[in-house]
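Visitor: I am new here. Please show me the structure, and let me ask how you know what you say.

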Protein chains: 2
Amino acid sequence: MALEPITVVFEPAGKRDRFKNGTPILVAAEELGVGIRSECGKETTCGKCKIKVVAGSDLLNKVTNSERGLLTQQEIQDGYRLSCAAKISVRDSSTKGIVTVFVPSESRLGIRRIQVKGMEQPVPLNPAIRKIHLTLEKPTISNPIADDEGLITKLENATGMRNLKMRYGLSRSFAKIIREANWDITTTIWNEKEIIDVEPNDTTSDNYGAAVDIGTSKIVSYLVNLNTGEVAAAGMMENPQIQYGEDILNRILYATQSPENQQKIMKVVADGINTVMQSACIEAQETKIGNIHEVTVVGNTAMTHLFLGIEPRFLSLAPYVPAMKRSIDVEAKRIGLKIHPEGNVHMLPCVAGYVGADAVADVIATGMHEKDEISLLVDVGTNGEVFLGNREELLSCSCAAGPAFEGTQIRYGMKAVTGAIEKVRIKPKTLEVEYETIGGEKPIGLCGSALVDIVAELLKAGVISTRGRFNHETTKSSRLIEKEEEGKLSTSFIIARKGEAAINNDITVSNKDVSEIQLAKAALHTGCEILMQKKGIHEKDIDHAYISGAFGNYLNPENAKTIGLIPDIQTEKITFAGNTALAGAKMALISRSIRELADKLSRQIKYVELMAEENFKREFVASILLPYKDLSKYPSVQRYVKADS
Amino acid sequence: MALEPITVVFEPAGKRDRFKNGTPILVAAEELGVGIRSECGKETTCGKCKIKVVAGSDLLNKVTNSERGLLTQQEIQDGYRLSCAAKISVRDSSTKGIVTVFVPSESRLGIRRIQVKGMEQPVPLNPAIRKIHLTLEKPTISNPIADDEGLITKLENATGMRNLKMRYGLSRSFAKIIREANWDITTTIWNEKEIIDVEPNDTTSDNYGAAVDIGTSKIVSYLVNLNTGEVAAAGMMENPQIQYGEDILNRILYATQSPENQQKIMKVVADGINTVMQSACIEAQETKIGNIHEVTVVGNTAMTHLFLGIEPRFLSLAPYVPAMKRSIDVEAKRIGLKIHPEGNVHMLPCVAGYVGADAVADVIATGMHEKDEISLLVDVGTNGEVFLGNREELLSCSCAAGPAFEGTQIRYGMKAVTGAIEKVRIKPKTLEVEYETIGGEKPIGLCGSALVDIVAELLKAGVISTRGRFNHETTKSSRLIEKEEEGKLSTSFIIARKGEAAINNDITVSNKDVSEIQLAKAALHTGCEILMQKKGIHEKDIDHAYISGAFGNYLNPENAKTIGLIPDIQTEKITFAGNTALAGAKMALISRSIRELADKLSRQIKYVELMAEENFKREFVASILLPYKDLSKYPSVQRYVKADS
């Protein structure tokens with residue numbers, strides 16, 4: 001005897017429906033449009049989808065081991081579950097009852113502000129997707145016009161387009177659809193070439209696309225109304241590929257071990273993108289994921305190769321060339337995206353193995369390619385990119401900065417989320433520390449912008465030398481302590497004392513942490529320096545600098561210059577551009593001419609392979625110093641520091 | 001412990017190899033290139049793949065029930081098996097030995113002459129598939145050119161083509177291939193647009209395509225060398241869809257009952273085409289099926305819809321319109337063809353629900369569309385088509401002739417294979433019968449051309465009236481007998497007496513058989529007549545007539561006119577064009593301009609729906625008479641017959 005579905009009620013929204021045995025509560029929530037956070041894509045690793053079971057816990061499965069790892073003992077006693085792991089579990093058909101769950105505010109989607117905005121250029125709306133509402137003529141025995149012929153002729157007359165073709169997948173089923181719709185339909189055209197959908201009635205107002213940036217650590221997405229070009233909602237989650245390796249090389253290694261591994265790593269990122277798009281749809285309440293007809297995707301070259309299942313091996317071997325540099329269009333269903341099955345995925349082109357489609361999007365979003373003035377663009381990320389030039393010529397290079405600015409490999413480092421210290425000031429004389437946290441909460445760690453502030457402020461206060469070493473002799477402060485780090489004593493500086501912090505420890509910055517920041521900034525600085533040398537220009541010749549990527553708007557530009565993260569350029573010439581990769585992907589989503597531009601830039605941007613440069617090592621070593629070996633290049637910093645011997 | 005593979009030896013070819021447990025003998029033969037006939041696509045229904053097991057029968061499975069139905073008791077005792085059903089079956093790992101099988105001549109492929117040739121027009125060689133051998137430059141750290149960029153640039157320089165794109169499927173794997181090939185590769189380009197294959201080394205000489213005609217009853221195919229345009233081999237088998245219905249309407253009904261049914265009927269025809277192509281490859285010994293990069297397909301509209309899985313329902317409901325009239329290109333792998341996975345299937349366009357791509361191919365093969373003279377084209381088949389006109393205008397219609405000319409629904413009817421009577425003469429005075437059989441064997445039945453001869457000769461001899469009734473009073477012959485047919489007495493005429501025939505019965509033609517032929521020819525004649533009326537022309541205005549389809553070259557044109565199968569046109573103006581559908585498909589395979597022509601003809605040919613014609617019924621009734629009601633339209637026949645009252 002079949003088991004009866006069980007009613008699940010979500011409070012405080014008050015939404016309810018019946019769901020069959022085995023349904024995870026998170027899936028039930030998604031079906032009802034109740035937004036619950038999930039950053040791990042239902043992998044039961046992020047712990048964000050916490051709910052409280054108010055009634056009917058006996059109709060659910062037992063608390064799983066994964067949940068025990070992510071919930072406290074108290075939470076479990078209080079009836080908290082993870083909604084991805086809690087499933088309807090009914091023993092027999094006589095079982096009756098209702099499950100009532102409460103979604104606490106921290107688990108609700110739409111509460112947390114998502115930092116995905118980026119600078120972008122205005123573009124005329126000309127998306128690849130067009131929806132046209134048509135009333136077809138019914139064929140008759142005296143005018144037995146074929147279904148495709150009738151539809152295409154009418155559509156070409158309505159749009160002025162020519163040589164439209166119908167996608168094979170659609171050609172299989174549309175004859176039935178147009179009859180069920182009584183010949184009143186909406187067609188979806190892709191790229192003025194292919195008819196990819198036929199829906200009953202007028203659905204022209206439900207016309208959405210998504211722009212996606214696959215970062216090594218984060219997947220971010222915009223849901224965009226293609227009729228207006230406006231962002232309807234945004235979504236973000238950790239890149240779930242992280243389970244196969246923190247860094248790119250480990251993920252490539254994993255993927256190349258077997259075809260199964262390659263499929264797995266491909267599926268996990270597709271699932272992640274689906275989750276992000278789904279949550280954006282739930283937030284916007286204007287469409288559903290299956291109605292999205294196009295997605296534009298950017299990411300670094302390794303991410304885009306892994307996402308599309310393209311052989312990634314040779315990205316990890318010299319000379320580090322991509323298999324596919326050019327843009328790619330592929331049906332969504334072939335790569336596991338759950339948008340409309342005939343929907344299109346447009347991957348933007350890249351420049352080189354380590355200058356990806358995301359970097360091309362950066363350039364497009366800043367508009368530096370169409371200006372006469374010389375611009376410098378630094379995209380700060382695990383794999384940083386630097387561009388220098390103008391409409392006549394653009395040079396690019398990639399810099400292995402590592403994840404220090406994202407908080408990884410820093411003792412108290414963390415991402416820029418609630419509770420992170422994001423701004424720090426240190427009074428030069430008293431070494432008194434002032435800081436601000438995201439959300440104004442008690443501090444739990446240090447995000448990238450705080451780390452830049454700290455290194456700069458310690459340098460200006462003379463606490464650390466231009467080599468990044470603590471000056472024990474000249475610094476008299478109880479904040480400077482000796483602390484055991486990985487089994488040996490190391491000097492650290494206390495930013496927030498145990499009492500102030502929300503954690504049971506001092507929040508400190510160690511000698512090793514400072515070194516990590518130095519290595520990261522040296523990588524980026526070397527890129528800037530070598531590109532300037534290649535172009536034969538100096539800091540004063542740079543008319544504008546764009547900083548995009550991880551920091552968003554929180555980086556203090558003076559401090560960035562003080563530590564030599566960027567060249568010494570007047571602060572008023574610096575723009576924090578935010579997530580320009582996603583902004584560029586969005587521009588390409590709403591404008592076909594931006595795609596052409598991207599293809600052109602991919603060919604035109606010159607790639608400089610730093611490792612092939614004679615002076616790479618010398619420049620890198622010089623760039624490790626704070627701000628740089630040649631202080632004459634940092635006049636604005638010179639007054640604070642003196643060169644070490 | 002794994003079972004050891006078993007050696008199988010094929011005599012008289014003497015080929016041998018080891019095959020794993022469970023391998024059917026037919027599959028082993030295919031792998032060794034030993035050609036064994038199979039018309040049912042390994043469904044164990046045709047009985048053509050008979051072999052004799054000479055040794056090692058204990059290493060095979062037991063004789064199956066299907067084999068018992070298709071082999072005689074004696075054959076089974078003699079060690080005969082069907083090679084599709086006989087499989088290696090080893091009980092344990094200690095089993096050793098060799099299986100030796102003998103392939104009797106009647107089971108060998110290439111012995112039987114296959115009647116698939118058709119008239120065709122010479123075309124300049126310009127296939128959609130082009131293979132180009134290239135040596136690529138290796139990327140280096142100082143010139144880190146991306147794999148796609150290097151390949152496409154080189155290819156565009158070599159060919160002069162522009163804007164080439166790589167198929168997504170290929171983009172996933174080619175980076176590895178080019179390195180394993182040490183940068184010496186052959187690329188395959190489709191339609192001057194897409195790169196669909198990259199193979200190691202120079203494979204330009206292995207460049208093959210296939211042309212396929214999916215008939216309601218037969219699938220026929222040419223394997224074509226795309227470097228020369230020449231046919232390397234041909235293949236044919238019964239359309240295995242027949243298991244889901246003899247006629248088109250029953251197959252459509254079956255397919256529309258469930259998505260599973262639609263998938264089944266789609267798969268069975270794809271498997272059939274694979275079998276036919278495979279056997280052509282084995283016969284030609286020049287390539288293998290997985291190396292074929294393109295297939296052009298024609299067929300009647302129902303067959304093409306069922307093959308591509310396009311909704312066929314509305315072909316069976318008034319106004320009988322196709323879902324897809326236009327040509328379609330689709331990746332082979334999406335529809336189950338086992339050619340190269342990125343290979344292309346090009347389906348030619350049709351004209352109407354019952355004037356298919358096969359009919360468009362007929363026109364192209366005859367060249368009637370480019371002549372000033374007026375041509376009549378009659379394609380005789382279960383669903384016959386008639387075309388009339390010249391370069392300025394072509395009219396078309398479809399005629400439900402039924403399968404009588406293929407021998408179905410005729411008591412002793414059969415297809416034109418060995419043992420079939422194909423030509424018949426009856427002496428008017430003595431009613432002595434002379435006949436010829438295919439292969440000179442003892443007769444076993446009557447094929448279509450013989451049926452036309454018989455009706456004509458009986459009419460001329462006065463044995464039957466213009467109404468098709470036997471004239472008992474005036475006919476004195478022991479050949480005219482009363483015989484029980486389906487429980488009632490019916491008059492029949494003996495063509496071959498029991499003693500002469502290879503069957504244990506007289507081979508006769510009954511009143512009912514003559515009626516079936518009359519209905520079939522009336523359908524075609526009505527089409528000719530109405531098209532002539534539409535154009536306002538008469539028999540004398542027709543400069544040339546082409547008869548294509550089932551009959552091949554064996555139809556006696558005088559007799560065809562005598563029974564009114566075709567209008568009364570001078571015999572020297574009549575050409576038997578053979579399988580023009582396959583010939584047209586082959587022309588499209590080797591020439592892109594023929595595809596453009598087909599698309600143009602599909603739009604330009606005017607379709608006349610006979611059922612919408614006011615005088616359809618009147619003409620049909622008049623056409624049932626032999627040769628026709630109005631004898632003044634048949635001056636060449638008038639001397640033999642007088643109109644009945």
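Guide: Start with strand β18 of chain B, residues 393-399, which is mostly covered, with six of its seven residues buried. This is a predicted model, in which local features need pLDDT of at least 70 and side-chain atom pairs count only at pLDDT 80 or more, while totals for chains, interfaces and linings use all residues. Residues are numbered from 1 along each chain as its sequence is written, chains are lettered from A and ligands numbered from 1 in the order in which they are written, and side-chain values use heavy atoms, leaving out hydrogens and water.

Visitor: What makes a residue buried, and what makes a run a strand?

Guide: Buried means under 20% relative accessible area, exposed means over 50%, and partly exposed lies in between (1.4 Å probe, protein chains only). Strands (E, at least two residues) and helices (H or I, at least four) are DSSP runs, numbered from the N terminus.

Visitor: How do you know that β17(B) and β18(B) pair?

Guide: Two strands pair if DSSP finds at least two bridges between them. Seven bridges join β17(B), residues 384-390, to β18(B), so they pair, and they run antiparallel. L388(B) has L395(B) as its bridge partner. Two residues lie between the strands, which form a hairpin.

Visitor: Which strand does β18(B) join in parallel?

Guide: That is β27(B), residues 606-607, through two bridges. Here L395(B) stands opposite K606(B).

Visitor: What makes β26 and β27 of chain B edge strands?

Guide: The open sheet has six strands, in the order β26-β25-β16-β17-β18-β27 of chain B, with mixed pairing. β26 (574-578) and β27 each pair on one side only. Further in, β16(B) and β17(B) are antiparallel over five bridges.

Visitor: Why is helix α11 of chain A called largely enclosed?

Guide: Of its 13 residues, 12 are buried, so the rest of the structure largely encloses α11(A). Among the buried ones are G448(A), D453(A) and L459(A). They pack against several elements of chain A, including β23 (488-496) and α12 (511-535); contact means heavy atoms within 4.5 Å.

Visitor: How does the reach of α11(A) compare with the expected span?

Guide: The expected span is 1.5 Å times one less than the number of residues. From first C-alpha to last, α11(A) reaches 18 Å, close to the 18 Å expected. After the helix comes G462(A), with a positive phi near 75°.

Visitor: Why is the pair E393(A) and K606(A) called a salt bridge?

Guide: A salt bridge is a side-chain nitrogen of Lys or Arg within 4 Å of a carboxyl oxygen of Asp or Glu. The closest N and O atoms of E393(A) and K606(A) are 2.8 Å apart, so the pair qualifies. It links distant parts of the chain, 213 residues apart: E393(A) in the loop between β17 and β18, K606(A) in strand β27. E393(A) has a relative accessible area of 26%, so it counts as partly exposed. K606(A), at 43%, is partly exposed.
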